[in-house]
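Please open the model in a viewer and keep the selection tool at hand.

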Amino acid sequence: MRLSDAELDRYARQIVLREVGGVGQNKLKAASIAVIGAGGIGSAVIPALAGAGIGRLTIIDGDTVEVANLHRQPLFRERDAGYSKADLALQFVQRLNRFVEATPIQQRIDAANARDFLADHDLVIDGSDNFATRLAVNDACVALGIPLVSAAGVMFQGQVGLFRAQPCYRCFVGDAFDAEDCDNCAELGVLGALTATVGSFAALLAINTIVDVGGDQAGQVHLFDGAKLNWRAIRIPADAACKACGSA
Ligand SMILES: [Zn+2]
């Protein structure tokens with residue numbers, strides 16, 4: 001794959017990074033990432049990935065914009081209320097970077113369709129707002145052998161982790177949430193600056209993983225305290241009895 005002059009101009013400030021260079025930029029261009037959720041986290045993830053020149057983006061979200069989303073979802077404008085988030089995110093990407101091929105999926109991802117939607121991607125970023133979706137996405141990623149960046153933010157707490165094979169996201173949270181299907185943000189509240197922080201971290205983790213910067217982060221979860229404003233990392237042990245990645 002060869003970068004055009006227009007691409008070399010556009011990405012000059014990241015190609016000049018020794019850790020990225022032309023080789024890294026080509027890896028970004030060759031990469032295919034599925035983003036689940038064009039909400040608060042997606043509003044940070046999607047512009048960062050499209051701006052960085054990820055070659056193919058699939059944006060999965062079955063929701064439409066509500067006015068109460070606007071404080072944390074700067075992908076959207078007041079006039080967008082009632083329209084498909086996946087479609088609006090596609091328009092955003094097309095306006096930002098013509099070198100990115102984006103595909104919207106206007107459906108809720110679940111255990112029945114996740115493998116179909118996620119197959120043939122190099123990495124998945126899950127910014128959905130409920131455990132049932134996160135676990136369905138995790139199980140599909142484990143089955144397909146795709147690394148998963150899982151990101152969540154609620155109240156003043158954020159978490160971001162990279163999971164590859166084992167341990168997986170299910171090793172981290174367990175099985176208790178399979179049946180839970182609540183919208184945490186609607187019930188508990190969250191600030192847009194919190195979801196933007198977590199989403200930007202998730203995008204950076206994804207980009208670093210694709211370019212191979214900073215060593216392998218798999219199996220760690222980064223926790224953000226948005227009140228005290230600090231990050232800490234914990235290492236997740238693999239659960240040998242895990243329903244998704246366990247030895248069975
Ligand atoms: Zn597991």
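The model is predicted, with local features needing pLDDT of at least 70, side-chain atom pairs counting only at pLDDT 80 or more, and totals for chains, interfaces and linings using all residues. Residues are numbered from 1 along each chain as its sequence is written, and side-chain values use heavy atoms, with hydrogens and water left out.

**The zinc ion**

Select the zinc ion together with Cys 168, Cys 171, Cys 242 and Cys 245, whose SG atoms coordinate the metal at 2.2 to 2.3 Å. Donors are N, O and S atoms within 2.8 Å of the metal (3.2 Å for Na, K and Ca); water is not among the atoms, so sites may look incomplete. Along the sequence, the donor residues follow the spacing C-x2-C-x70-C-x2-C. The arrangement is tetrahedral because the four donor atoms subtend angles of 92 to 126°; the term requires four donors with all angles between 85 and 135 degrees. Ideal angles for four tetrahedral donors are 109.5 degrees.

Next, colour Cys 242 and Cys 245 by accessibility. Cys 242 is buried, at a relative accessible area of 8%, and Cys 245 is buried as well, at 11%. Buried denotes under 20% relative accessible area (1.4 Å probe, protein chains only).

**Helices α4 and α10**

Select residues 42-52 (α4) and 192-211 (α10), whose axes come within 8 Å and cross at roughly 35°. Helices are DSSP runs (H or I, at least four residues) and strands likewise (E, at least two), numbered from the N terminus. Axes are lines fitted to C-alpha atoms, for helices over the stretch in contact, and angles run from 0 to 180 degrees between N-to-C directions.

Now show the side chains: Ala 44, Val 45, Ala 48, Leu 49 and Ala 52 of α4 meet residues of α10 including Ala 196, Gly 199 and Ile 207. Contact means heavy atoms within 4.5 Å.

**Gly 40**

Move to Gly 40, in the loop between β1 (32-36) and α4. Gly 40 is buried, with a relative accessible area of 8%. Setting aside residues up to four places away in sequence, Gly 40 touches Arg 72, Gln 73 and Thr 195. A C-alpha to C-alpha distance of 8.9 Å separates Gly 40 from Leu 70, 30 residues away in sequence.

**Asp 225**

Finally, select Asp 225 in strand β7 (residues 220-225). Asp 225 is buried, with a relative accessible area of 19%. Residues up to four places away in sequence not counted, Asp 225 touches Phe 156, Gln 157 and Asn 230.

Note on methods: Tetrahedral: all angles 85-135°; square planar, octahedral: opposite > 155°, others 65-115°. Buried < 20%, exposed > 50% of the residue type's maximum accessible area, 1.4 Å probe, protein only.
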